[in-house]
Amino acid sequence: MTVHKVCGTETEYGISVRNQAKFNPALAAGQVVNSYAGTCARVQWSFEEESPGRDARGFGVDGTVVADYEYALVNVVLSNGARLYVDHAHPEYSTPECFDPLEAALHDKAGEWVMARAGKAAGALLEPGQRMGLYKNNSDGKGNSYGTHENYLLSRELPFADVIEYFTTFLVSRQIFTGSGKVGSENGRPDVTYQLSQRADFFEERVGLETTLKRPIINTRDEPHGDPTKYRRLHVIIGDANLSETQTFVKLGTASLFLAALEDGALPDPVTLEDPVQATWQVSHDLGFQLPLSLADGGSATALELSWQYLEWLTKYAEQAAPDPIYDHVLALWERMLTDLETDPVRLADRLDWAAKLRILEGFRERDGLLWGDPKLRALDLQYHDVDPERGLYYRLAGRGSMQRLFTNEEIEWAVSEPPERTRAYFRGRCVARFSQSLVAANWDSLVFDVGEDTLKRVPMMEPLRGTKAHVETVLDQAADAAALVRALGGSNGRTGPEEGPAEGN
């Protein structure tokens, strides 16, 4: 039943313009997207096949309503297969579909570089004395939160009730190694000086369809962006925007492996929290990692104890199922993180954003005698997430070797312009690079071309693991233009698509 865990991320970036009296975040976000100068296609996003209102629990409606049509048109598809656009008055970067969590972590990092360059170009258009700021974070400190979402390919055969039953506690407990850290609390939660997660305070339901109101731990949006008879796309909205490459890799890798084990029926009985919503912010507020969380069976466990249990389960699964060796790397990094959390959390300042940021803040507190409520600490909190490499505190740490890295600058630069080669993102990215003038619309599972005929040509891409370099490199290289590409892809049965590579017509 297990399907390969294609995955990716979507990140809404915080945005500000200093010294702009009538700052309009939606307008500024549009300027950022429109200012990006890399290889791309500025096309309309096709909403025809999207259905965010359909619920995995078996109800809801098909179709979609675009809340702000004007800004929905501010959309760019990049040559690496990613999407850069405006969403809820934020510039958002959605990675291309990635074959594994390491590749997804690389393209997530490439998104920071794309956003930084777009922000710099947009900033050059501002009035003298004004300055654009873009932040890979999840909270403005004024009661507003914006998302970092993860997406995982699931088998349609997996009952969604199993996802709810098993995955909830995993998501709550993982904050100890996935949080990016935040000064203070929000959304009416108890006062705290510093906490592990930027998003935890904003979750109010265990299960639900919404993503911006009454945020649920398990999001039930049933929008597969693929063949709906075969796949689900699990849309995970509880998680922080991470700058640490290692942390992003472990976050995506542990979730992918957990979901694979769940599909394989390889997990023991689920561990169920008595009150998952309360446990979410309790875990985030517990810097000592000692708070017992009440379980539905009457027992209790700390988030660290739960993480050790999940590590044991997934290590056994990996030994038996022998998935991609990349998961051995995930498990090794994860185990080291949990060991350091148990013995000396300070050691994690070179791998986890919350720990790196806390070390910076404690250093300033000690040097300048600052109390936790000092505005300077909130400013430093924000500066950690600035994606401008000349201003962001994370980038200063990484530049002097204080943060562990998985990728070279050359690898990130490659991912800024080149698509993953083992998913359909390859076809999308190469079409953008070669035939952008003929592209008129796009979404995750299709491209629409104007090839000079009476009707537009939609090329379906319903299989995430088709349209790869192995499938379509030859036909792409041989096509002189988009019309030739569409002809080459069209089979004798009238279908057009990159699913099987060039067709052999009768």
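**Sheet pairing and aromatic contacts**

Thr9 stands opposite Glu150 of strand β9, in a predicted model for which local features require pLDDT of at least 70, side-chain atom pairs count only at pLDDT 80 or more, and totals for chains, interfaces and linings use all residues. Residues are numbered from 1 along each chain as its sequence is written, and side-chain values use heavy atoms, with hydrogens and water left out. Strand β1 (residues 7-12) is joined to β9 (residues 148-155) in the antiparallel sense over 5 bridges, where strands are DSSP runs of E of at least two residues, helices are runs of H or I of at least four, both numbered from the N terminus, and pairing requires at least two DSSP bridges between two strands. The open sheet comprises 7 strands in the order β3-β5-β6-β7-β1-β9-β14, with antiparallel pairing. Strands β3 (40-41) and β14 (231-236) stand at the edges with a single partner strand each, so one side of each lacks a neighbour in the sheet.

Across the whole structure, 12 aromatic pairs are found, a pair being rings of Phe, Tyr or Trp (its six-membered ring) with centres within 6.5 Å, and planes under 30 degrees apart counting as stacked, over 60 as edge-to-face and the rest as tilted. The rings of Phe167 and Phe170 are stacked, because their centres are 5.5 Å apart and their planes lie at 15 degrees. Phe167 is buried at 1% relative accessibility, buried meaning under 20% relative accessible area, exposed over 50% and partly exposed in between (1.4 Å probe, protein chains only). Phe167 and Phe170 belong to one aromatic cluster with Phe258, Tyr310 and Trp313.
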